[in-house]
Amino acid sequence: MTKTGRYTRLAGLAGMAMLAMTAPAFAQEIEEVAEEAFTLTAPETAYIFNTLLFLIGGFLVMWMAAGFAMLEAGLVRSKNVAMQCTKNIGLFSIAGIMYYLVGYNLMYDGVDGGWFGSLSLWGVDDSGGVAEDGTGYAAASDWFFQMVFVATAASIVSGTLAERIKLWPFLVFTVVLTGVIYPIQGAWQWGGGWLSEMGFSDFAGSTIVHSTGGWAALMGAIILGPRIGKYIKGGGVNPLPGSSMPLATLGTFILWLGWFGFNGASQLALGTIADAQAVSTIFINTTISAAGGVVAAMILTQLLYKKVDITMALNGALAGLVAITAEPLTPTLGWALGIGAVGGVIVVLTVPLLDKLHIDDVVGAIPVHLFAGIWGTMAVPLTNADTSFAIQATGVISIGIFVAVTSLVLWLALRFTIGIRCSEEEEMMGLDKAEIGVEAYPEFSR
């Protein structure tokens, strides 16, 4: 044996001897840690699982930002793809900042049956500790989960107004939408405001999130006007196909995945067996509703147009997801399937309706998020006896009026001050070149 080999062997023997001497103490330490872990109280265990649900649900909903970006990138023309990607990362970042500066406290701090909370900066406050009833969670996990919801509402507006809106006016609108408009109407229900006391029910936001984004998008589309060449004199519609159906399909599947966080984590608790069962039910109702939306849209487009339209199928999935969001827990699978299927039908019927009105919605966000969102909210009493059609209608109408009026005023203010629409030359060139300076597909932009 070489000298080096002997040294290595001696070192190994020494190490084994030290391990043998310390093993009992090490094992005892592990046993003590394990024993301490298993002595957590039931409220502490619930606190951990509730917090974990918020965090997992939050990053799934954040992943939906990628879904919106890919969906929009696929449904706009090649010359506008980089613009859509820029808008989506910009709006997500603005939403986070505004929700920190003013949005969260405006929505949740001291609403107490009123109209809105306080105008103050949010800060982490875990001073309440662990709730004895098992409903506690880390304050930061709740803020994160709520923040990604407001970003979703802003993403809805982005797709509708694509290919002709300037970047900075859109981002200015996003500041007000995420910092003021969304939190105020959200306070009415989720913040414990007047709609909550009345008995209005919107489990995960068919109206509070999706219809809010839809109303803001509709007002913007009306003020902005259609894209050049979209509508032909005499009533004809000129299709302007998107750049990539694979990207749009990928975006849809990403959104579908993110929706499990959107709806599932809105249970707001995972600390009991009942909560775990509820989250599981929400998951299957969410996915079966999306499936119903897809199949209904495919069948209806085949019957009406003799061909299946991939964009209608994709939006059928999203409409099914939006529709079930208002109440994903109480329906049976059969009811969930039917609610989603009606959402898919709504998309197929209302996309051409908007075209007849010359309202240019590039990605179909208004039918998906506004119309299917209203349907889903109004369908809640079909499976949830704790509310009524009159109360649901009150929530839909009041939130609709508030968001539509404030959005309309803001869009008009932007139009007559800094302007919101790019020039005809810039629109024909494409906003990648005109606004961003970087083309998504420089080899073959059209």
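Here is a short chat about the cavities and pockets of a predicted model.

Biologist: What sets a cavity apart from a pocket?

Modeller: In a cavity a probe fits but cannot get out, whereas a pocket is an open set of points.

Biologist: How many cavities of 30 Å³ or more does the structure hold?

Modeller: Three. The largest has about 70 Å³ of space, and its lining counts 13 residues, with F68, L71, V363, A365 and H369 nearest the centre. Helices α2, α4, α10 and α12 each supply at least two residues of that lining.

Biologist: And what lines the second largest cavity?

Modeller: That cavity holds about 50 Å³, and F68 turns up in its lining too, along with others including V61, M64, N88 and T152. Two or more lining residues come from each of α2, α3 and α4. By class, you get eight nonpolar, three polar and no charged residues.

Biologist: Now the open ones. Which residues lie nearest the centre of the largest pocket?

Modeller: K230, P239, D309, T311 and V351, out of 27 lining residues. Look for α10 and α11, the elements that give two or more residues to this lining. The pocket's volume is about 750 Å³, and its lining divides into 16 nonpolar, four polar and seven charged residues.

Biologist: Which element gives the most to the lining of the second largest pocket?

Modeller: That's α4, with four residues. This pocket has a volume of about 420 Å³. Its lining has 21 residues, and Q146, W190, F203, S266 and L268 sit nearest the centre. Sorted by class, there are 11 nonpolar, six polar and four charged.

Key. Residues numbered from 1 in each chain as written. Predicted model: local features only at pLDDT ≥ 70, side-chain atom pairs only at ≥ 80, totals over all residues. Heavy atoms only, no water. 1 Å grid on protein atoms, 1.4 Å probe; cavity = no way out; pocket = protein on both sides within 12 Å on 5 of 7 lines; lining within 4 Å. Points joined across faces, edges and corners; volume = space filled by probe spheres on them. Nonpolar A, V, L, I, M, F, W, Y, C, P; charged D, E, K, R; others polar.
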